[in-house]
Amino acid sequence: MSQTAAIALAPEAEARTLPANVEAEAAFLGAVLIDNRVIEELQTQLSPTHFYEPVHARIYERVLQLLDRKAVVTPVTLRPYFESDEALKALGGVSYLARLTADGQGLLAPRELADQIYDLALLRELISVGRNLVAEAMDTSESVEPMEQVERAEAALYKVAEGASTTNEAKSFASATRAAIGAIEKAFNSGGHISGKTTGLNSVNAKIGGLHDSDLIILAGRPGMGKTSLVTNIAFNASDRLQRDLADGIPVEKSVGAATAFFSLEMSADQLATRILAEQSGISSEALRMGKISREDFQQLSFASQRLAELPLFIDDTPGLTIAGLRTRARRLKRRHNIGLVIIDYLQLLQGSGRANDNRVNEISEISRGLKTLAKELQVPVIALSQLSRAVESREDKRPMLSDLRESGSIEQDADMVWFVFREDYYAKGVEPREPGDNDPPDVHAKWNEWREHMERITGLSELIIAKQRHGATGKVRLRFEARITKFSDLADDDMRAAFESD
């Protein structure tokens, strides 16, 4: 066991008290009791936990409850709630409520008082975080994981930076209801389809209602199905919608678009950018990579790149990320760019904390739980791509099932939605019969013609299978996939008829 040196605090440091201004709290409460509209005009989201004096916190909490019921709040209407408050008796009893409004000085600058109360509360939280950091760093026991401590410290500091309380308090049903009504209002304003972030695909939005905050969505499929293409399309669609909404004067909180963080552990940032440029310019991604484009194509590509230059899409292609490192980077992007959607390509390339490396199932479980925690912490949807086991290939019907999720049942358990991408034409190409010659018998010609007609019906058709959804029904959505430019889109009417005929 290692030895640590004792750290002595200076006497003046021990004597210091936590930063607070009880007089400012009293003046602000007095202003609120004189004019209840003061709270409506605040720029700062002040909560009872921001008050240093416990009595003031309880008074402010009761004020908010009464205002929520559309009641007028005065010292008189507050009196019945505090007649038996022992702590208030030490301040003079219920007459203290009247003294708060005696001079009315708080009305001169209520916003400034609220800002000061809020800022001092953040400083107290920062001090609390610092004390915990010191206490944990001084622990040199064998079970200590320094990187895990760094991760917890970063998470605590992120909460302070966001103005959140370092303690997770239960939400009242009233506040939860207001959040639900806000989501319903967004869905209503969007035409009755989207309550979350848009995927840019109307048929998918109609099925799932958009991407919901705090949800973990697992998108899985066998290689070649187009998983990365689909999430790249979604990333572009969400960020492009936000950019257009902001240009139209729609605030971020009312937009169904989102600034997007794309963590690409498999492809480089320039490869992803090439895919998006191919989609938007209509030029084959293969032609772009090889430079086989005309002068007109290059001009079209230049126009597309200029239009996409300000897109709120942030690509992190750092290889070998741990789940802790990813969460740290996501928090930083949330703080700097207010991201509203996180995409990870793909889950099995993330690394755990290192303690479960001898057991891959446990490590994947740790990663999936970490991604769900990230979604709840940042209040954004998280889409993570996942591999499927080879069991799919051994079945006659190669449509994926939940049991095909590779390496861990916890992926299914932690996910709010599980999607599978399936393209029948991918497998049909692999069973192409020999093309008949003139001298082949009629049954050989018939077999090849049957295969060709089938391929004509299904080529470019893709299924997005919603295998799990906490918010609604499961099922599947038909999409058009253009492999040349790696683009998914909604089916046209003719495509829809062909899709049903293929069934």
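Trainee: What should I know before I start?
Mentor: It's a predicted model, where local features need pLDDT of at least 70, side-chain atom pairs count only at pLDDT 80 or more, and totals for chains, interfaces and linings use all residues. Residues are numbered from 1 along each chain as its sequence is written, and side-chain values use heavy atoms, with hydrogens and water left out.

Trainee: OK, how do the axes of α2 and α7 cross?
Mentor: The axes of α2 (residues 22–34) and α7 (residues 110–137) come within 9 Å and cross at roughly 135 degrees. Axes are lines fitted to C-alpha atoms over the stretch in contact, with angles from 0 to 180 degrees between N-to-C directions. Helices are DSSP runs of H or I, at least four residues, and strands are E runs of at least two, numbered from the N terminus.

Trainee: Which residues make the contact?
Mentor: Ala24, Glu25, Ala27 and Phe28 on α2, and Pro110, Leu113, Ala114, Gln116 and Ile117 on α7. Contact means heavy atoms within 4.5 Å.

Trainee: Switching to strands: how many residues of β7 are buried?
Mentor: 8 of the 9 in β7 (residues 461–469), so the strand is largely enclosed by the rest of the structure. Buried means under 20% relative accessible area, with a 1.4 Å probe and protein chains only.

Trainee: And which strands does β7 pair with?
Mentor: β6 (residues 417–422) pairs with β7 in the antiparallel sense over 6 bridges, and 6 bridges also join β7 to β8 (residues 475–482), again antiparallel. Pairing takes at least two DSSP bridges.

Trainee: What's the bridge partner of Leu464 in β8?
Mentor: Val477. β7 and β8 form a hairpin with 5 residues between them.

Methods
Buried < 20%, exposed > 50% of the residue type's maximum accessible area, 1.4 Å probe, protein only.
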